[in-house]
Amino acid sequence: MKTKSLFLLTAVCGCLLLAACAAPSARKADGQTPSRPETTVRVLLAEKQKTASFKHSGLLYIYTKDRSKRYKISNAGTLSARALGGGKVQAGTLQSAQPVILEPAPGKTITFNGNAYAGKMYLVPDGSYFHIVEYVPLETYLYGVLPYEMSYTWPAEALKAQAVAARTFTLKSMETTGKRYFDLYNDVRSQVYKGTGKVYPSVKTAVDKTRGQILTFEGKLFYTYYHGNCGGATDSVTSWSPSAKAIKPLSGAKCGYDKHAKNYSWQQTVPLAKAESYAASLGLKGKLKSIKVARKTKTGRATNITVRTQKGSKTVACGNFRSAFGLKSCKITKLSLRKKDVLFKGRGSGHGVGMCQDGANGMAKAGKNYKDILKKYYPGAKITLVKDL
Ligand SMILES: [Zn+2]
């Protein structure tokens, strides 16, 4: 269960993305053939590379973006790439100042950093480095996201809810790509994605059965945040990011289906030395005197924490505090400064906004379907098809 950070960019839809925006997947939920090409997602796999190595499982095409230079390798093997400096990249024997594309033949994959990918790999030169971006169709991309954001062993209806949330999150994120050369990160800054070399049947079913389905509010996409466990109730997005727009689907909901999970209630200790160095990082000198919840939401999630030393005090956003201390969540029910450590007791894991994944699991086990799940955690949102946007 990964928690993603709030990642809002304000740039407008750029020219590269316009094609994707204008021609989203149009396949109907009943599986009819799409009338328009499917959206391509550009996922950043690695940035600022000097060298990289790619294992290809069979026939591989290598060409420049304008296809003026191209060749192919027929058999499985390893291809090396390196930055040549001055905005050039070399892949195998091909050198170019343009992006170089590695395209596996249908049914073949390219393995990079231990994960296998079936899409086209773009090596984008940039000064003395190059970046690696996979171009992958939206629905295929989801096959490589779901098992890393929710266990593939979970019930079908929970996985289907996750598929709709992840699909919506992807398309919403793409609205803010701007002129960047990629759309999403392959980690918690966007959604965890590890390629589609291994596709779990349960995940494939969940994605395929909800193909093209997204959530909208008042006719628009929104950031369908999700998290591990809400500890009884989710919160408004503003509790986590005061500048975010407080729309109804992200205003919080009662859960009641997550008590079975291990993250529902927890206890953690943090060494005093770590707490002291955190205080020092805030510019607070002297002995640590207290750490207190300064403000919390109605559901008990801390939004601000006050750290006090002999020399002064500072109040910080809990999100910042939480990541520095490695806490599961900001739903802190007990906080004690002790002789050698700081004891925290709390509930839930993650930011607590949007869908509670343990709750989705609980609801599915209780016989609810994915529409019930989405309705509960994104109140007021409508399930629609990409083509109806
Ligand atoms: Zn919950």
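**Note on the predicted model**

1. Leaving aside neighbours within four places in sequence, V43 is in contact with V133, E134, V136, Y141, F182, L184, N186 and Y193. Contact here means that the C-beta atoms of two residues, placed from the backbone, lie within 7 Å.

2. This is a predicted model, in which local features need pLDDT of at least 70 and side-chain atom pairs pLDDT 80 or more, while totals for chains, interfaces and linings use all residues. Residues are numbered from 1 along each chain as its sequence is written.

3. V43, L123 and L146 touch the most other members of the largest nonpolar core, which has 80 residues. Helix α4 (residues 156-174) gives the largest share of this core, 10 residues. Such a core is a set of buried Ala, Val, Leu, Ile, Met, Phe, Trp, Tyr and Cys residues joined through C-beta atoms within 7 Å. A residue is buried if 20 or more other C-beta atoms, placed from the backbone, lie within 10 Å of its own. Helices are DSSP runs of H or I with at least four residues, and strands are runs of E with at least two, numbered from the N terminus.

4. Of the 389 residues of the protein chain, 44% count as buried. The secondary structure comes to 10 helices and 23 strands.

5. The protein chain is divided into domain 1 (1-37 + 139-258 + 349-389), domain 2 (51-127) and domain 3 (262-347), with bounds from an automatic or database domain assignment. The contact takes 14 residues from domain 1 and 11 residues from domain 3.

6. Along its principal axes the C-alpha trace of the protein chain spans about 65 × 50 × 35 Å.

Key
A residue is buried if 20 or more other C-beta atoms lie within 10 Å of its own, exposed if 12 or fewer, and partly exposed in between; C-beta atoms are placed from the backbone.
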